[in-house]
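Subject: The structure I promised you

Hello,

Please have a look at it first and then read on.

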Amino acid sequence: MNRPTALGLALLLVAAAPPPPGASSCSGCHGGALPLAGREAMQTTETLLAFRSGERPSTVMGRIAKGFDPSELGLIAAWWAAEK
Amino acid sequence: MIRRRQVLAGGLAAPFVAKAQARARVVVVGGGFGGATAARFLRRYDPALDVTLLEPNTVFTVCPFSNLVIAGGRDFAAQRFGYDAVRAEGVAVVHAAATTIDTAARTVMAANGTRYPYDRLVLSPGIDIVWSGLAGYDEAAASKMPHAWKAGEQTLLLRRQLEAMPDGGTVVMSVPPNPYRCPPGPYERASLIAWYLTKHKPKSKILVLDAKDAFSKQKLFQAAWKQLYPGLLEWVSLSDGGKVTRVDPASLTFETEFGSHKADVGIVVPPQRAGAIAAGAGVADRSGWCPIDPMTFESRLVPGIHVIGDAAIAGAMPKSAFAANAQAKVCAAAVVSLLNGKKPDEPRLINTCYSLVAPEYGISVAGVYRPANGVLADIEGAGGTSPPDAPAEQRIQEAMFGEQWFATITAEVFG
């Protein structure tokens, strides 16, 4: 599944859906100074993929993003984009 | 963003209307990172739910960062949180301890004399100390040799003892075998006490007597100790005679199979088990902890009761505040699904734990987990600790991220 397709699918699904696997854990760190809610989905997905590949340096996010495949990261990003 | 889950709840709440009983009732026992989170997210995921939270304390004292309070680097007040925001979310917060659970009648009896019926019960009782677990250590001994493993008066007691200790004194801390709350906690505490001693009592020493040969973030801690606290902090492994077999609170002595150590300040991280209410409800097994279904956190032993946080046997997930919070959200979603006759989704959970080796030297461990073969298992290739060869800037950054984590998670749970 290529990225835009995964994202498009995700956007269709999330509106009335519970958080996809993994998404509810994010707010353990994110919120306040590091918000995710309402963040544009494509931007979050790109960032997560860059953490996952190591292309973007990180402290913990690389270790966490490796626990998800690209389509799962797309679903998480899309769900957070729809949050307020 | 607080009320955002109305959208989700709208889809799930409808089936309740059709039921004979107006509102499904969920009782949550324990108002820490697990219980307070579960209560709030149950309401968000299904605003039609009747949610009661039983927590004896009106102000909750949190453990994360309490080691820094002990070392004099943080205000005790920063550890304290109330329940106004939990109430504002529509949770009935009752400040009474749960005393007995009638699993057949599905009711919880509380210390205020009231009986609370439930359709599903979420237990997040944290830990209790196994007073019979270490010879010589009982509740009276804890006032001489603090554990400070439940934050509160014990935290302040240990702080006062360290302040009163003359320079040149020896701090001794015993560490139990696994499992216990906060696996890297004893080593963070030893580090921060060493930081305090280095600054204020440099002729002193801290000795860690361990019932294990390996521990969480070990390489990172040991490398930092060598760099920051050479000669001041000594760790004695199980193989080297670190296992404490008896303590004597009158003389502040720790006995091991290899000899005895006299302390000026004696700290006992005691053996632990799930909070007593878990055993009372029949959800704890012989280990003292609670086996659960990793899909829903429902007890393997008693249907209708879910166990989250430190009390649960969560497979590869450590007993941490982050884990309790993450489990609470997954459990809340599963409880809402089950009450609505739906099959819960397979969850994925994350844990991230920061430890301080010094106030500006942070290290972390992270993990991603999924149910596999009936337990929560690590996802291969993900997770792990901070790199051993990271530059100093990264240690500073991780100390800062740790602080941000504290602010964010306490805001989600209590704010």
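Where in chain B is B:D167 found? B:D167 sits in the loop between α5 (153–164) and β11 (170–175) of chain B; helices (H or I, at least four residues) and strands (E, at least two) are DSSP runs, numbered from the N terminus.

Before going further, some ground rules. This is a predicted model, in which local features need pLDDT of at least 70 and side-chain atom pairs count only at pLDDT 80 or more, while totals for chains, interfaces and linings use all residues. Residues are numbered from 1 along each chain as its sequence is written, chains are lettered from A and ligands numbered from 1 in the order in which they are written, and side-chain values use heavy atoms, with hydrogens and water left out.

Back to B:D167. Its relative accessible area is 34%, so B:D167 is partly exposed (buried means under 20% relative accessible area, exposed over 50%, partly exposed in between, with a 1.4 Å probe and protein chains only). Apart from neighbours within four places in sequence, B:D167 is in contact (heavy atoms within 4.5 Å) with B:K201, B:P202, B:K203 and B:S204. Its side chain reaches the backbone nitrogen of B:K203 at 2.8 Å and makes a polar contact with the side chain of B:S204 at 3.2 Å. A polar contact is a pair of N or O atoms within 3.5 Å; within protein, one must be able to donate a hydrogen and the other to accept it, and residues adjacent in sequence count only if both atoms are side-chain atoms. B:D167 and B:K205 are 38 residues apart in sequence, with 9.2 Å from C-alpha to C-alpha.

Another loop residue to look at is B:S320, between β21 (312–313) and α9 of chain B. Is B:S320 buried or exposed? With a relative accessible area of 8%, B:S320 is buried. Its side chain has a polar atom 2.9 Å from the backbone nitrogen of B:A323, and a polar contact of 2.7 Å links it to the side chain of B:N351. Leaving aside neighbours within four places in sequence, B:S320 is in contact with B:D310, B:N351 and B:C353.

That brings us to the cysteines. How many disulfides does the structure hold? Over all chains there are zero, a disulfide being a pair of cysteine sulfur atoms within 2.5 Å. For B:C353, the nearest cysteine sulfur is that of B:C182, 6.3 Å away; B:C353 counts as buried, at 12% relative accessibility.

Next, a helix pair in chain B. The axes of α2 (residues 33–45) and α9 (residues 321–339) come within 8 Å and cross at roughly 30 degrees; axes are lines fitted to C-alpha atoms, for helices over the stretch in contact, and angles run from 0 to 180 degrees between N-to-C directions. Residues making the contact include B:F33, B:F41 and B:Y45 of α2(B), and B:A321, B:A328 and B:V336 of α9(B).

Finally, chain A. It has four helices and zero strands, and 48% of its 84 residues count as buried. Of the contacts in chain A with a separation of 6 or more, 69% are between residues 24 or more positions apart.

Enjoy exploring!

Best wishes
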